[in-house]
Amino acid sequence: FYKLCENNNYVKKEAIANNVEFSGTSSKGHGLEITINLSKPEKDPKAIAAAAHATGKKYPQCALCLENEGYLGGYGKNARSNLRIIRMNIGGRPWGFQYSPYAYFNEHCIFLDQKHIPMVINQQTLINLVEIEKTLPHYFVGSNADLPIVGGSMLAHEHYQGGRHTFPMMKAKIKKNVVFDDYPEVVAGIVDWPMSDLRLISDNSLDLIELGAKIINFWDHYSDSARQIKAFDGKTRHHTVTPIMHREGKNFVLDLVLRDNNTSENYPLGIFHPHKELWHIKKENIGLIEVMGRAILPGRLKSELEEVKKYWLGQDNKMAISHKEWADQIKAEQNITAENVDAVMQQALVEVFEQVLQDAGVFKNNADGDEGWDKFITALTRQI
Ligand SMILES: [Zn+2]
């Protein structure tokens with residue numbers, strides 16, 4: 001099926017081949033992957049939040065809806081005449097399975113509810129992820145969070161993403177084990193990762209689903225005012241998770257990444273969102289692919305960063321002013337030559353992405369963050 005979607009040019013193999021891609025290790029010791037995606041437009045987080053509430057009749061209702069299959073397009077709507085969708089049942093409901101035309105990684109696929117209904121993260125999500133992992137054990141599958149800022153760009157239509165790729169987060173180890181007395185068959189722990197990831201591992205998928213749902217529910221109501229972590233404003237919910245599942249042999253591995261979408265005067269786009277000094281590289285929401293350590297950076301950077309390199313080497317350049325402070329800082333720290341300029345740029349992007357993920361983490365990778373984790377885990381294990 002993937003071959004078919006490549007051959008009919010739905011998966012745009014040639015455009016994808018132009019993307020920039022490399023991997024590295026941050027100064028904090030986290031393996032990370034960087035991609036500059038030339039086929040995908042950069043989206044504004046405010047516009048994504050507005051679209052989540054947009055109603056009214058359209059055809060197709062959104063870019064994920066089933067009626068896009070074979071759609072000829074027109075009046076600002078993309079043609080999808082070569083899109084094909086496999087029908088499958090997930091959790092007792094009719095769903096579809098298709099490949100993504102942008103392909104952020106190998107065999108990047110999308111699972112979509114056949115109905116245009118909003119995204120939601122709950123126990124049923126975990127049941128669905130397990131079912132998909134039983135059907136396609138060689139693929140990972142995950143859902144974006146179901147709230148703006150911390151979620152994906154398509155909140156109005158229930159869907160998951162998956163594919164055949166081992167992400168850096170999947171290779172990251174548990175740094176501190178957590179014991180849940182009532183679930184002896186589940187190995188659990190905090191993962192050594194810039195974002196806040198609680199991992200559950202078990203071959204008992206029922207226990208994994210039950211415990212995972214309890215953790216999600218607990219986090220949804222958990223606040224820690226010392227760390228600006230706040231579950232609710234009145235009836236407005238601010239907490240959710242990015243749940244991601246993959247298989248290791250007979251085991252199911254569930255990563256629950258804790259998310260908080262609060263804003264403040266200092267951080268109008270999100271307290272746990274890339275902060276302003278990083279926007280020249282990354283301003284968009286941190287969705288599940290990036291949560292797992294694969295940066296999807298905007299296409300404009302390919303030419304912009306060439307200008308930064310010229311600036312470093314003292315050549316004529318048209319470097320955007322937005323990059324200057326960052327470029328000057330790196331220049332001051334090391335001797336940049338024609339020989340090492342590419343390596344310096346790659347490492348600089350790895351460090352920016354590490355910081356992007358740190359900003360999005362609710363418990364930071366420092367002593368205060370460890371204290372926050374301890375407080376949360378103590379309250380959680382007392383309840384479960
Ligand atoms: Zn839709």
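Leaving aside neighbours within four places in sequence, F111 is in contact with M88, I90, W95, G96, F97, I132, L136, V141, E158, H159, Y160 and G162. Contact means heavy atoms within 4.5 Å. This is a predicted model, where local features need pLDDT of at least 70, side-chain atom pairs count only at pLDDT 80 or more, and totals for chains, interfaces and linings use all residues. Residues are numbered from 1 along each chain as its sequence is written, and side-chain values use heavy atoms, with hydrogens and water left out.

**Nonpolar cores**
- A nonpolar core is a set of buried Ala, Val, Leu, Ile, Met, Phe, Trp, Tyr and Cys residues joined through side-chain atoms within 4.5 Å.
- The largest one has 53 residues; F111, F180, L200 and F376 have the most contacts inside it.
- Helix α6 (residues 205-220) gives this core its largest share, eight residues.
- Another core, of 47 residues, lies apart from it and includes F167, I281, M319 and F353.

- L4 sits in helix α1 (residues 2-7).
- L4 counts as partly exposed because its relative accessibility is 46%; buried is under 20%, exposed over 50%.

**E354**
- E354 belongs to helix α10 (residues 341-360); helices are DSSP runs of H or I, at least four residues.
- E354 is buried yet has no salt bridge (Lys or Arg side-chain nitrogen within 4 Å of an Asp or Glu carboxyl oxygen).
- K28, the nearest side chain of opposite charge, is 6.0 Å away.
- Beyond four places in sequence, E354 is in contact with S26, K28, H30, L32 and P194.

Notes. Buried < 20%, exposed > 50% of the residue type's maximum accessible area, 1.4 Å probe, protein only. Helix = DSSP H or I, 4+ residues; strand = E, 2+ residues; numbered from the N terminus. Lys, Arg positive; Asp, Glu negative; His and termini not counted.
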